[in-house]
Amino acid sequence: MAKMAASVVTESGEDVFRKMFKFYKRREPPPDLREVIDFSSGAASGGKIVPFKLDQAAVSDQEAACVGLRPIRDWRAFGLQGYPGFIFISNPFLRGSQAFWVRQCLKTYSQKPNVCNLDMHMSPNDTQDIWARSVQAIRSPISFKRQPKTLLERLRWVTLGYHYNWDTKTYSANSYTPFPADLHMLSVRITAACGFPGFTSEAAILNYYRSDSSLGIHVDESELDHSRPLLSLSFGQSAIFLLGGPQRQDPPTAMFMHSGDVMLMSGPSRLLYHAVPRILPAPPQLATCLEELSCALALQMGSVLEPVSEEDWDVCSRYIQSSRVNMTVRQVLGPGQIFPLQTDDKHRMVGCHDDANSGKRKRTCSDPVGTVDT
């Protein structure tokens with residue numbers, strides 16, 4: 001990456017971020033990943049990784065365990081030189097607790113009244129229960145005959161809370177469903193430990209990545225209050241995350257995101273360009289991260305966790321073997337803020353473009369935090 005970065009920075013006026021994005025996305029020849037930062041090991045940091053001090057008093061051990069997190073004192077949190085406000089937490093989840101959150105993303109959060117990409121092309125009745133319509137086919141033995149993708153395999157994004165309007169790039173009071181209480185509790189615990197008490201989870205976008213998916217270059221700026229952090233949680237296969245600057249001419253830093261990793265973008269880092277150009281096979285420890293959730297952990301007082309049945313985990317594990325799920329949680333409104341009046345919140349359209357990397361012209365739908373195939 002160092003050679004690649006040096007070559008693109010010298011080209012005045014070029015979109016440096018886009019060049020780096022294409023470098024890591026290319027298939028042949030595959031990119032050299034030796035300069036990608038790995039927070040789980042500290043590899044290829046070049047001295048950029050710095051420890052980040054968490055607020056251990058903000059969350060008790062029991063409060064952390066109730067959402068599947070280890071005691072705050074055991075978290076491995078880092079910052080990056082040159083990126084004030086960026087916090088990376090290397091898998092703070094208790095052993096086995098990721099299974100619950102994967103199940104929530106695939107089975108629970110994909111259900112109505114939440115909104116997903118399939119609603120753009122199908123009737124509400126057809127997307128009423130994506131999980132139930134998909135599990136039998138996913139459980140079936142793999143055959144040589146090509147089978148149509150299930151709805152779960154075609155799922156690319158789900159919105160929670162205030163639903164993002166893809167056409168106007170805004171949120172509004174007229175497009176809202178209750179935010180999941182368990183995800184809010186998880187978000188509040190993490191943000192409080194990072195020094196942001198009183199965070200209110202008002203919207204989330206869940207992205208479902210297949211092995212050939214990518215996340216386009218963007219800035220998350222549609223929220224009305226940028227003083228609150230953007231929280232990102234990843235499960236399943238690994239990915240390369242690019243974090244740039246306030247301009248696309250700023251060369252980005254590449255880092256790995258593994259299952260269970262958490263990122264928080266706040267302060268000066270809240271409005272930086274970022275992207276995910278590539279999904280990668282997860283390291284061997286994924287199996288340990290996603291093992292069965294213990295009943296003792298799930299049944300402790302105040303826990304939002306629930307045991308994941310063998311039948312449910314059979315589907316989740318098959319899905320996650322080749323996929324990645326990411327949740328980005330946001331606070332949309334600041335204290336005392338209200339939404340401006342909008343003339344039309346009913347039409348939710350997705351802007352489409354052609355994917356130049358495919359062998360044929362393919363309709364690809366872009367949103368601020370994902371690139372999804374239809």
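Visitor: What is a salt bridge?
Guide: The term concerns a side-chain nitrogen of Lys or Arg and a carboxyl oxygen of Asp or Glu. The two count as a salt bridge when the nitrogen lies within 4 Å of the oxygen.

Visitor: How far apart are the closest N and O atoms of R330 and E223?
Guide: This is a predicted model. The closest N and O atoms of R330 and E223 are separated by 2.7 Å.

Visitor: Is R330 buried or exposed?
Guide: Buried means under 20% relative accessible area. R330 has 2% relative accessibility, so R330 counts as buried.

Visitor: Which helix holds the partner of R103, D312?
Guide: R103 and D312 form a salt bridge, with the closest N and O atoms 3.7 Å apart. R103 belongs to helix α4, and the pair ties together parts 209 residues apart in sequence. D312 lies in helix α10.

Visitor: Which residues are linked in a network of salt bridges with R103 and D312?
Guide: R103 is buried at 7% relative accessible area, and D312 is buried at 8%. The network that includes R103 and D312 also links K107 and E306.

Technical notes
Residues are numbered from 1 along each chain as its sequence is written. This is a predicted model: local features need pLDDT of at least 70, side-chain atom pairs count only at pLDDT 80 or more; totals for chains, interfaces and linings use all residues. Side-chain values use heavy atoms; hydrogens and water are left out. Helices (H or I, at least four residues) and strands (E, at least two) are DSSP runs, numbered from the N terminus. Buried means under 20% relative accessible area, exposed over 50%, partly exposed in between (1.4 Å probe, protein chains only).
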